[in-house]
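Please take a look at the model below. The notes after it go through selected local features.

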Amino acid sequence: MARPGKKTPEAWRQEILDAAKELFVSNGYAETSVSDIMNAVGGAKGVFYRYFQSKEALMHALGNQMFFENNPFELVRGRTDLNGLEKIRAVLLLNSGDETRNGINLQAASILKDPQILAAAVDENRRVLTPLWQELLEEGRRDGSIKTEYARELSELLPLVNFWLLPQVFPGAEADVRRKYRFVMEVLACMGLPVFDGALAEYAEKFAAGVSREGREA
């Protein structure tokens with residue numbers, strides 16, 4: 001009888017991520033332990049630490065994986081029915097419509113209290129998202145839907161906005177988050193990027209309520 005093959009490191013890492021995602025969605029990040037995750041994959045607790053330094057590091061890796069699995073920038077890149085501004089609005093709507101990833105991201109907000117995790121998240125947003133935003137901004141400038149002299153600066157600013165909105169990073173109540181969101185949208189409009197429309201209003205309300213709730217419970 002053939003013996004079952006050993007799991008590769010890549011397989012172990014992916015199984016841990018998959019189990020964590022399922023447990024975080026069903027039970028919550030705070031209520032899920034490393035032991036719970038490893039019980040789900042059938043491995044010893046020590047195996048977890050071969051691939052992740054901590055549960056916080058795993059959550060960070062999971063958020064990155066979920067983004068690349070359903071990258072909204074890639075989904076709009078080839079669309080010829082949208083101009084640059086419309087693509088940016090579509091990216092924001094696609095991002096807000098991914099309820100599973102948004103739920104995970106809201107739970108992940110609490111780990112940003114760790115300075116190392118926060119620094120890593122800021123750096124990755126800068127490296128990954130800035131070029132993607134700049135691509136769409138430049139497309140909008142070419143087709144005339146975006147009228148700004150600050151495409152590069154906006155592309156650097158946009159990946160940082162969410163950190164400022166999070167009460168886990170900059171403490172504030174739900175009303176403060178709503179006010180900040182309106183402020184950001186007005187600033188972007190003044191800079192030639194009028195992204196806010198009625199379709200994003202509902203998301204703004206959910207975002208403010210969600211991040212505020214997670215901030216209180218963390």
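Which backbone oxygen does the side chain of T130 reach at 3.1 Å? That of R126.

## Basis

This is a predicted model, in which local features need pLDDT of at least 70, side-chain atom pairs count only at pLDDT 80 or more, and totals for chains, interfaces and linings use all residues. Residues are numbered from 1 along each chain as its sequence is written, and side-chain values use heavy atoms, with hydrogens and water left out.

## T130

T130 sits in helix α8. Helices are DSSP runs of H or I, at least four residues, numbered from the N terminus. T130 counts as buried, at 10% relative accessibility. Buried means under 20% relative accessible area and exposed over 50%, with partly exposed in between (1.4 Å probe, protein chains only).

The side chain of T130 also reaches the backbone oxygen of S155, at 3.2 Å. Neighbours within four places in sequence aside, T130 is in contact with N125, S155, E156 and P159. Contact means heavy atoms within 4.5 Å.

## Helix α2

Helix α2 spans residues 34-41, and its buried residues are V34, I37, M38 and V41. They cover an arc of only 90 degrees around the axis, which puts them on the same side of α2. The arc is taken from the directions from the helix axis to the C-beta atoms. An α-helix has 3.6 residues a turn, so residues three or four places apart point the same way.

Cover for the buried residues of α2 includes α1 (9-27), α3 (45-51) and α4 (55-69). The exposed residues N39 and A40 are on the face turned away from the buried side. Just after α2, G42 has a positive phi of about 75 degrees.

## Aromatic pairs

There are seven aromatic pairs in the structure. Rings of Phe, Tyr and Trp (its six-membered ring) pair if their centres lie within 6.5 Å; planes under 30 degrees apart count as stacked, over 60 as edge-to-face and the rest as tilted.

F73 lies in helix α5 (residues 72-77) and W133 in helix α8 (residues 115-143), so the pair ties together parts 60 residues apart in sequence. F73 and W133 are buried. F48, Y49 and F52 form one aromatic cluster.

Note on methods: Helix = DSSP H or I, 4+ residues; strand = E, 2+ residues; numbered from the N terminus. Polar contact = N/O pair within 3.5 Å; in protein donor to acceptor, adjacent residues only side chain to side chain.
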